[in-house]
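Keep the structure open as you read.

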Amino acid sequence: MSPSLTVQNVQGVVGAPEASIRNVGQTVLENGGNAADAMAAMLFSGAVVLPSRMGMGAGGICQVLDPSVGRVKTLHFLSLPVARKSQVGMPGLARGVYALQNAYGVLRWNAVLSDAISKATNGVVVSDQLAQDILSTSQIDSSWRKLKKGDKLVQKKLAQTLRSISNSGSGILYKKEMAERLNAQGMEIDSEWLKSFRAVWMDSIDVVSSKGRTYFVNPTFLSSEGYSIWKKLSNFENFEKRADGRRALEEMEKTLGQNARNFKGVGLYAGDEKGLNIVCSVSMGRPFGNGKIMEEGFSLADAVNGERDASYFMNVLQTNPDVTDVYWAGAGVGEQGLVDGIKILEETLGVDRDIKAELVEKISDVSEQRRNDLQNFVLWKCLKGYPNQPSSCEIGNNMQFVLRKND
């Protein structure tokens, strides 16, 4: 029987599509790290365990709830084009992780890389998801195409790159010398663009309703459609506005385009006992992005171009009015991530209903592919708020509580 959840025994919560990635976050929290350290470690380890969807070439977005200031911020490290008109994206992950951990983490930088280095050096077991992604990627080299579920994957070149990042910082991936090395491998990267690439902090935007504050990522780089639609849907007492919101959501769903079918990614979550909560959506675009595993041990993502591509990212965080506790959160990347995220949000808010994996069955007219994409989402609901009322929390798919040892 599971122990009751209290502020005394719950040390945190972590979420990721693979158990081995979640376990890294759990270990970091148990060893004195906070949510930012746990998220950083999970992102780096995920680049080894699931390089098809969250490799070192990936980009993404995070929202960070900092209860000490009652504020939610957006961190953007999307894979913008590496050169004018290029379909290849910047390797945003390292910049994004550094910005996050530098702003909020409490551990040393090399501590959040140690597990990823170990996994790349010693090998990981090929998961079902990775095996499926390998099969779907015709351009990847033959040594990868031979891998099957259960095989051991050792990535010595990636381990070497991770050690360099651990020793010298994330900036080593963005120097002119790196651009020259990548260009020698046929990448056609603008060295000045690579050198100037930074992760960007912005305030998230919120919709205030009787249910609390619902935060969406800042629309400076991303689509604001989800925000505007939710403003209408969150008028729970106004039938006309809600109907208008549903029509707008249906229209968005119809017009996202065929490219959405190839867009894959994952959601991750980390929260600690002090209330620092972080939700991230990460993607390579198509599995393995451009499909070329470089000498550095990773591939580059597809570039994110325009608001439509950004609508494939679902990243929503709902808090109490004081912005200190999480009521609801979800993150992921999929065929129509933001559409499905808003549907799930409307389904679950204010209803005494669990949000486990069967929730995907409750979304009408979902294709098999979208259903599979939703398995890589993280979903998290607390009727009375986390971290102050953990007993009110429902863990969704890919999530786990971190309990104090000996509890």
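Is Ser 166 buried or exposed? Ser 166 is buried, because its relative accessible area is 13%, and buried means under 20%.

## Around Ser 166

The place to look is helix H8, residues 156-168, where Ser 166 sits. Leaving aside neighbours within four places in sequence, Ser 166 is in contact with Trp 109, Asn 110, Leu 113 and Ile 117.

## The model as a whole

Please bear in mind that this is a predicted model. Its mean pLDDT is 88, and 89% of the residues reach 70 or more.

The secondary structure comes to 15 helices and 15 strands. The protein has 407 residues, of which 60% count as buried. Its accessible surface is about 16200 Å², with 45% of that belonging to carbon and sulfur atoms. If you take the contacts between residues at least 6 apart in sequence, 70% of them join residues at least 24 apart.

In soluble globular proteins, nonpolar side chains tend to be buried together. Here the largest nonpolar core has 78 residues, and the members that touch the most others are Met 39, Phe 44, Met 56, Leu 162, Leu 268, Ile 278 and Val 282. Helix H2, residues 35-49, gives the most to this core, with 12 residues. Apart from it lies another core of 28 residues, including Tyr 312, Phe 313, Ile 344 and Leu 374.

Beyond four places in sequence, its contacts include Ala 35, Ala 36 and Met 39. Cys 62, Gln 63 and Val 64 are also among the residues that Ile 278 touches, as are Leu 100, Leu 268, Tyr 269 and Ala 270.

## Aromatic pairs

A pair of aromatic rings is described by the distance of the centres and the angle of the planes. How many aromatic pairs are there? The count comes to 10 aromatic pairs. Tyr 98 and Trp 109 form one that is edge-to-face, at 5.4 Å centre to centre and with 75 degrees between the planes. This pair links distant parts of the chain, 11 residues apart: Tyr 98 is in helix H4 (residues 93-104), while Trp 109 is in the loop between H4 and helix H5 (114-122). Tyr 98 is partly exposed, with a relative accessible area of 37%, whereas Trp 109 is buried at 14%.

Why is the pair of Trp 380 and Tyr 386 edge-to-face? Their planes stand at 70 degrees, with the ring centres 5.5 Å apart, so the pair is edge-to-face; the cut-off for that class is over 60 degrees. Trp 380 is buried, with a relative accessible area of 1%, and Tyr 386 is buried too, at 1%. Together with Tyr 269 and Phe 401, Trp 380 and Tyr 386 form one aromatic cluster.

## A serine in a loop

Where does Ser 68 lie? Ser 68 is in the loop between strand E2 (59-66) and strand E3 (71-77). With a relative accessible area of 63%, Ser 68 is exposed.

Its side chain is joined to that of Asp 66 by a polar contact of 2.6 Å. Ser 68 and Lys 274 are 206 residues apart in sequence, yet their C-alpha atoms are 8.9 Å apart in space.

Notes: Residues are numbered from 1 along each chain as its sequence is written. This is a predicted model: local features need pLDDT of at least 70, side-chain atom pairs count only at pLDDT 80 or more; totals for chains, interfaces and linings use all residues. Side-chain values use heavy atoms; hydrogens and water are left out. Rings of Phe, Tyr and Trp (its six-membered ring) pair if their centres lie within 6.5 Å; planes under 30 degrees apart count as stacked, over 60 as edge-to-face and the rest as tilted. Helices (H or I, at least four residues) and strands (E, at least two) are DSSP runs, numbered from the N terminus. Buried means under 20% relative accessible area, exposed over 50%, partly exposed in between (1.4 Å probe, protein chains only). Contact means heavy atoms within 4.5 Å. Accessible areas come from the Shrake-Rupley method with a 1.4 Å probe; for residues, only the protein chains shown count as cover. pLDDT is the predictor's confidence in each residue, from 0 to 100. A polar contact is a pair of N or O atoms within 3.5 Å; within protein, one must be able to donate a hydrogen and the other to accept it, and residues adjacent in sequence count only if both atoms are side-chain atoms. A nonpolar core is a set of buried Ala, Val, Leu, Ile, Met, Phe, Trp, Tyr and Cys residues joined through side-chain atoms within 4.5 Å.
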